[in-house]
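Reader: I'd like to go through this one label by label. Can you tell me what stands behind each term as we go?

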Amino acid sequence: MAPDQKTFVFGEVAKHNKTLDCWLIISGKVFDVTPFMEDHPGGSEVLLAATGKDATNDFEDVGHSEEARDLMDKYCIGKIDKSTVPAKRKYVLSENQNYNSSKSGFIVKMLQFFIPFMILGLGFAVRAYTKQNSD
């Protein structure tokens, strides 16, 4: 990447999320992968799924080859202003929420045990009812 390349803000990059206009953020750089959409071995859906976020983890999790990494330079159009990239959301259990996992786990186990017996009993009841009405 040349030192005079543009710095993009996240909102601008996130707008490029279509097959004919696809930009990705990987390792602090912005890539216009639109010309590569049809050639990507995983298909264009994989690239489209990585738009609108920092796709660094998605890219690294796949384990791309050195050839693929070298090919990236061809599509690099600038860098991302990291201060504009939203922080990853983490789910935090509310302190007001009264959650007792042992109690709910017990209920689930009881339901898993009793529901098959209830279905079996219902089957016997229906059979007895239909047999009684057929006589």
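Reader: How many helices and strands make up the secondary structure of the protein?

Author: Five helices and five strands. Helices (H or I, at least four residues) and strands (E, at least two) are DSSP runs, numbered from the N terminus. Bear in mind that this is a predicted model, where local features need pLDDT of at least 70, side-chain atom pairs count only at pLDDT 80 or more, and totals for chains, interfaces and linings use all residues. Residues are numbered from 1 along each chain as its sequence is written, and side-chain values use heavy atoms, with hydrogens and water left out.

Reader: In what order do the elements run?

Author: From the N terminus on, it's β-α-β-β-β-α-α-α-β-α.

Reader: What makes strand 3 and strand 4 a pair?

Author: Two strands pair if DSSP finds at least two bridges between them. Strand 3 and strand 4 have four bridges, in the antiparallel sense, so they pass that test.

Reader: What makes a group of residues a nonpolar core, and which members of the largest one touch the most others?

Author: A nonpolar core is a set of buried Ala, Val, Leu, Ile, Met, Phe, Trp, Tyr and Cys residues joined through side-chain atoms within 4.5 Å. Buried means under 20% relative accessible area, exposed over 50%, and partly exposed in between (1.4 Å probe, protein chains only). In the largest core, of 14 residues, Cys-22, Leu-24, Ile-26, Phe-31, Val-33 and Leu-47 touch the most other members. Strand 3 (21–26) and helix 4 (66–75) each supply at least two residues of this core, and strand 3 gives the largest share, three residues. Apart from that core lies another, of seven residues, including Phe-8, Ile-25, Val-30 and Ile-80.

Reader: Which residues does Ile-26 touch, leaving out those up to four places away in sequence?

Author: Phe-31, Asp-54, Ala-55, Thr-56, Phe-59 and Met-72. Contact means heavy atoms within 4.5 Å.

Reader: Why is Ile-119 called exposed?

Author: Its relative accessible area is 59%, and the exposed class begins over 50%, so the label follows. Ile-119 sits in helix 5 (residues 101–134). It also belongs to a nonpolar surface patch of about 1300 Å², along with residues including Phe-106, Met-110, Phe-114 and Phe-124. Patches are made of residues with over 30% relative accessible area and no salt bridge: like charges are joined within 9 Å, nonpolar side chains (Val, Leu, Ile, Met, Phe, Trp, Tyr) within 5 Å. The areas come from the Shrake-Rupley method with a 1.4 Å probe, and for residues only the protein chains shown count as cover.

Reader: How do you know that Asp-58 and Lys-53 meet in a salt bridge?

Author: A salt bridge is a side-chain nitrogen of Lys or Arg within 4 Å of a carboxyl oxygen of Asp or Glu. For Asp-58 and Lys-53 the N to O distance is 2.8 Å, so the pair qualifies. Asp-58 is partly exposed at 32% relative accessibility, and Lys-53 is partly exposed at 33%.

Reader: How many salt bridges are found in the whole structure?

Author: Three. Glu-60 and Arg-69 meet at 3.0 Å, N to O, while the closest N and O atoms of Glu-12 and Lys-6 are 3.5 Å apart.
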